[in-house]
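Opening the notebook on this one.

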Amino acid sequence: MEHITLLLAIVIVTALVFDFTNGFHDTANAMATTISTGAMKPKAAVAMSAVLNLVGAFLSVEVAKTISKGLVREEGIQPEVILAALVGAILWNLLTWLIGLPSSSSHALMGGLLGATIASIGVSGVNGGVVVTKVLIPAVAAPLVAGIAAFLAARLTYKLGKNVGEKSGAKGYKAGQIASAGLVSLAHGTNDAQKTMGIITLALVAGGVLAPGSNPPVWVIVSAGMAIALGTYLGGWRIIRTMGKGLTDLQPQQGFAAQTSAAAVILASSNLGFSLSTTHSCSGAVMGSGLGRKGGVVRWSTATRMFVAWGLTLPAAGLVAAAAEFVARQGDWGIAAVAVFLVASCAAIWFISRRQVVDHNNVNETDGPAADAGTPADTEPAGVVTTAIAAVTPPPAGSAAAEEAAEEAAEAVEPDAATAVTSDVKPSIPAQSGAAADSARPAGANV
Amino acid sequence: MIDIDWAALGSVFGVSLVATVAVVGLFTLGILGLSKQEAATAQGGTAPLARTGAYACFALCVAAVAYGIFLIVA
């Protein structure tokens, strides 16, 4: 690792940041139902998930070796293309976290890679067929498969278990949920931590540090595992709330059915050669089990927002990545501008999130009624997000200001994408605000 | 031409469905057995059949989880 250039170092750090947001974003997949049904205390749940993610990261390097295989042509991929891809993926992850929607981190990464590759070497660098088979079909199939399985399992467990005594029922379903959630966490660690390892390895190969076809070095495995575990432990509470409480109301039986279905789908798909997104499977499982109880309902407005976010993941991350690639390839100052832009955007999103804090204390507060009552707030958060992102877009990168202004015009695509996204999904913000707004305002109201 | 591996997708669907329903069903039976045993104990009796059955069900679930871990590791 002695030949690592500054660019490569930036790429590696950015990859670890992505890994962090990945853990942060996907805690909900494993733990949302466990937390919302009260099977585990929120902090204990995320801690367990973090440990299992870390363990999972060390179990195998198979996924890391096949990352991005076939999706983009790997030969001739430049480190700054990877950087641009990561920037797109990170910003999309943070934006969807801000509005509390589960969306696939893998799709964000793929979208970023696609966008950056197209900006770098044109459409010829992308395999269109692979996009359909690896991204679009699985995105439709995953929630259906997991949802139908969870639906039937929930029906079955209600039917078989209607004579179960209260005490053994409560104890049993609690244990079952913890076990299946643990399995999901472990599988997530092996899959998603390895994606980052693969990306870092790809960057090291592209930078000429490693020979092509190398296994990830140990320090890459360790740092990727730590980053995803830390992200998981901090918990994307906003997404946990949406998945555990927002989509439907879950009882322990349903939580158990949902997690078991999610675990089965994830394991089956990664072993039978038809890869399905963890996030899509888990969301589908939650909805399926929601419908599996008599009188159970799915809040289709929340579900629709989630589907819209899924549909936008690829183009939005791709667009940001393409803009970032365009700026980054202008030279050193371009890369600096992209790095500054990323830091500033992350900071802005974090500051906005402080306006309505969602954490382990209020993760289980329901927000159903508030969603309808929140009309006045409807337009306000969208405006704030848009203006804040717009405000930080010209990074204060010093000397090359005039030249940069021109580049920033190209990069202005980014806030546009953000605006489109925000206005599409904005009703979810009042949905979160209802419960938390009052207590949170004084603390961090001023951005 | 776009080549979708329908067979793989179908087998993922089938395996997931069967595995989920089987594990959840077994687990529920296990809970049911324990619940019967509990009720019997409360009345001063025992229900050995229910208890053995429950443990058998849980053992199968544990085996399924172990197989899942094996799949992750392998």
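Started with the chain contact, keeping in mind that this is a predicted model. I get 46 residues from chain A and 34 residues from chain B in the contact.

Next I asked which helices of chain A supply at least two residues each to the side that touches chain B. The list came back as α2 (42-59), α6, α7 (166-206) and α10 (252-271). Of the chain A elements, α6(A) gives the most to that side, with 14 residues.

Helix α6 (residues 128-160) packs with helix α11 (residues 278-292) of chain A at about 35 degrees, and the axes are 6 Å apart. I noted the crossing of α6(A) and α11(A) as right-handed. From α6(A), the contact residues include Ala139(A), Ala142(A), Ala146(A), Gly147(A), Ala150(A) and Arg155(A). From α11(A), they include Ser281(A), Gly284(A), Ala285(A), Gly288(A) and Leu291(A). By class, the α6(A) contact with α11(A) has 13 nonpolar, eight polar and one charged residues.

Last stop, α4(A). How far apart are the end C-alpha atoms of helix α4 (residues 79-98) of chain A? I find 29 Å, which agrees with the 28 Å that its 20 residues should span at 1.5 Å a residue. Is α4(A) buried or exposed? I count 20 of its 20 residues as buried, so α4(A) is largely enclosed by the rest of the structure. After α4(A) comes Gly100(A), and its phi is positive, near 70 degrees.

Terms used:
Residues numbered from 1 in each chain as written. Chains lettered and ligands numbered in written order. Predicted model: local features only at pLDDT ≥ 70, side-chain atom pairs only at ≥ 80, totals over all residues. Axes fitted to C-alpha atoms, helices over the stretch in contact; angles between N-to-C directions. Helix = DSSP H or I, 4+ residues; strand = E, 2+ residues; numbered from the N terminus. Left-handed = near helix turned anticlockwise from the far one by under 90°. Contact = placed C-beta atoms within 7 Å. Nonpolar A, V, L, I, M, F, W, Y, C, P; charged D, E, K, R; others polar. Expected span 1.5 Å × (residues − 1). Buried ≥ 20, exposed ≤ 12 C-beta atoms within 10 Å, placed from the backbone.
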